[in-house]
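Subject: Structure for you to look at

Hello,

Here is the structure I promised to pass on. Please open it alongside this note.

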Amino acid sequence: MGIKVGIDLGTTFCAVAMIGADGKAAVIQNEMGERLTPSVIQFFDDGSYIVGAEAKEALDYGEEGCAAVFKRSMGESGAYCSFYGNDYTAQQLSSIMLRELKRQAEKVTGQRIDEAVVTVPAYFGELQREPTLRAAKDAGLTVRQLVSEPTAAAMNYAADHFRENAKILVYDLGGGTFDLTLVQMKKNARVDVIRTTGNSMLGGKNWDDELAKLLEQKILEDVEYTDTDIHTLCTREAEKVKIALSSAMKAKAHFTLEDHGSCTVEVTREEFDDATAHLREKTRGLCRNLLDGLRLSWRDINAVVLVGGSTRMPQIKRFIKEISGREPLSRVNPDEAVAIGAAIMANVKAQPYAVQKMTDDASVIRALRKGSVPAKEMPVESLQKLTVSDVVAHTLGKVTVNKDGTGYKNQVIIRENSVIPVKVAVAEQFYTKGGEDNESEIIMLQGDSENVAECTAVCRYVVSGIKHDPSRNPTLLKVQYSYDANGIVHVQARQEDQTTDLPARKLPAPPDMSRYCEGISAPPAKAKAEPLRIMMAIDVSGSMTGEPMEEAKNAMCRFIDEFSSYPGDFKIGAMVVSDRTQVVCELTNDLAQCKEAVNDIKVCMTGLCNEADPFDEILNRLAVARGKKVGVVLADGVWAHRDKAVTRARRCAAMGINIIGMGFGEADEEFLKAISSGEIGAMKVELSELTVSFGKIAQELGGGRGGKKLFGGSKTAQTECETWPAPGETL
Ligand code: ADP
Ligand code: MG
């Protein structure tokens, strides 16, 4: 049997840890005897590469072929770098890194790695977690789970200092990001992550930038003018000076300016701390939000655990003391805590899926209050006894047609800070068209805002094989959304009465989301449209029996729906025609009523043959109406009194009524043309295209909301329903 390891795949450093024979988790040294491996790769022209300290050295000397800080670009499309004619994505680079970490750890321990827990920043969402997981699999690792870095750090702390009821705040300031996570230790060696928040644009890099500015100012105090690009020079030096200031009260930087020769500037820790006060304040703001949101004060927090290289700055320790009133814990090694915590998590039991109940603040606060009894030291007998529940950092939603049908919105499905793994199943109605078109698309979003433009599209699911039943359209599907334990999104769909999932493909999000963003942030100022009156007439003669009738009714209902947001005065009516005519719905603006009447249409309800035509009735209803007047006539086959029908249709045209003659099957195209008038004219279509053609007409007439292929439009009912096993869920 091999070993289970934890891997901290850091932006700047990586570490691998395992639980040793002594039952304690510790870092595994690499081949060179180092505990940390720099996240740097150097490629050579023969395609070979080296990883770690040597590559980092090459990078520092400015040698060619070096790739670093690629983790920040995880999930970005396209190459991160290109050497000797080969492109590398951040995912590929991470995979090389992980393969090398695995190789070295196996060599040093002399054991095979069976399973690994790989850590990611808490703020990593679907777009970064999915490629991280793939990178690990490509590296030959069996990934037990992806775990958030602060959660792993909290586990490391809990393993050594388990105190029942204690609330721990993990303050993780790395190279490019800040993560803040509140954890509560509970009875039976449970560790629960309560909240996680952060800022993915705040990290050591921002401190470097401030220091670079400071250096620049100081150079310009001595040198009034220089041609040298001092900004670039200072940026290059800043990190070194910053790190020096962590152990000394002042540090010097040396520069060579083309037109002035060498120049040395000195920065004191105090100057640096002053220049970066606003950055510390940003972290204070996030701390306050997190605590306020849970109605906690600093007094309720038992310990602050510092993680991430940037917490080595003395200003951070002082700052934590100032805001929390106590010294931060220094018992945790900020460089190793994440890997060690991950090693512990590689050995604990997996959590079952929670069925989503909104993690409402009130219940979380109640639970926290319950825990407000003094914390008591409670050593964990064995690390395997620990259990942990984590939360997700991002709200999951999907693109939905908004209420008035004028655009799209983000419909929230699973809130941030929900305990993962989590699933929620919803019964949703949507339309099918029949024919080849039995697919529907769901676009998943990350973010809280209703405004799609303020969210990130993370993936798209195409559900196919949906049964098209014209008599039950819209169809009811059960759709289950989940975040697995890795924080990765899954969507499953089932026909209402089925127990197996429909085929569903997970695809990248559409590259251009602009069409889903319009009309929300700035609703399109639709000009008030002219009044519109439409009379639909449908042939119900015997030849319509069966599918033609059902398709026609379906198409008409869809057609009516297209006008649900017509920006003007709109009325629609419906009639049937065969041997007689019958108006089944007088002109109305009640679209639901009209659809109901259409659904009630039966074949042959006015006789078996085509003795009659609908044009006099249409004329009666529309002749004196205001605005644009349209008669949509759906025919099948040839009408008995063809010439009479054409004459009456022309009379309609003379009264300003546009007749659109639509036909399928045996319908005579010449006849359709003869009865049609206006811009749209006649249309002969296949039965399976009927709905699409009706949709086109609706759009020409100023209707159309688009996007109906998306689940859960405003008019569709949504109810929670029974969940079922999620992918990979073991019951
Ligand atoms: P990540 O997890 O993003 O890889 P780390 O936790 O390794 O980040 O932290 C890297 C950051 O820590 C860099 O910005 C680096 O400059 C900073 N850092 C590392 N050591 C020190 C130090 N002694 N003093 C100040 N900053 C440091
Ligand atoms: Mg790190």
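Predicted model: local features only at pLDDT ≥ 70, side-chain atom pairs only at ≥ 80, totals over all residues.

The ligand site

Start at the pocket. Ligand 1 sits in the largest one. There are 15 residues around ligand 1, and Thr12, Glu239, Lys242, Ser246 and Gly309 come nearest.

Glu239 places a polar side-chain atom 2.5 Å from an oxygen atom of ligand 1. For Thr12, a polar side-chain atom lies 2.8 Å from a ligand oxygen atom. Gly309 uses its backbone: a polar atom there is 2.7 Å from an oxygen atom of ligand 1. On its own, ligand 1 has 570 Å² of accessible area, and the protein covers 84% of that.

What is the shell made of? By type, it divides into 10 polar residues, three charged and two nonpolar. By element, helix α6 (residues 230-247) gives the largest share, with four residues.

The domains

Next, the overall layout. Domain 1 takes in 3-202 + 282-387. Domain 2 is given as 396-519 + 712-721. Domain 3 covers 528-705. Taken over C-alpha atoms, the centres of domain 2 and domain 3 are 33 Å apart.

Two loops are worth checking.

Where is the cis peptide bond? It joins Ile420 and Pro421, with omega at about 0°. Pro421 lies in the loop between β24 (419-420) and β25 (422-430).

The other spot is Ala189. Its phi is near 55°, a positive value in a residue other than glycine. Ala189 is in the loop that links β14 (178-186) to β15 (190-199).

Send comments whenever you like.

Best wishes

Conventions
Residues numbered from 1 in each chain as written. Chains lettered and ligands numbered in written order. Heavy atoms only, no water. Near = heavy atom within 4 Å. Polar contact = N/O pair within 3.5 Å; in protein donor to acceptor, adjacent residues only side chain to side chain. Areas by Shrake-Rupley, 256 points an atom, 1.4 Å probe, with all protein chains shown as cover. 1 Å grid on protein atoms, 1.4 Å probe; cavity = no way out; pocket = protein on both sides within 12 Å on 5 of 7 lines; lining within 4 Å. Sits in = over half its atoms within 2 Å of the grid points. Nonpolar A, V, L, I, M, F, W, Y, C, P; charged D, E, K, R; others polar. Domains from an automatic or database assignment.
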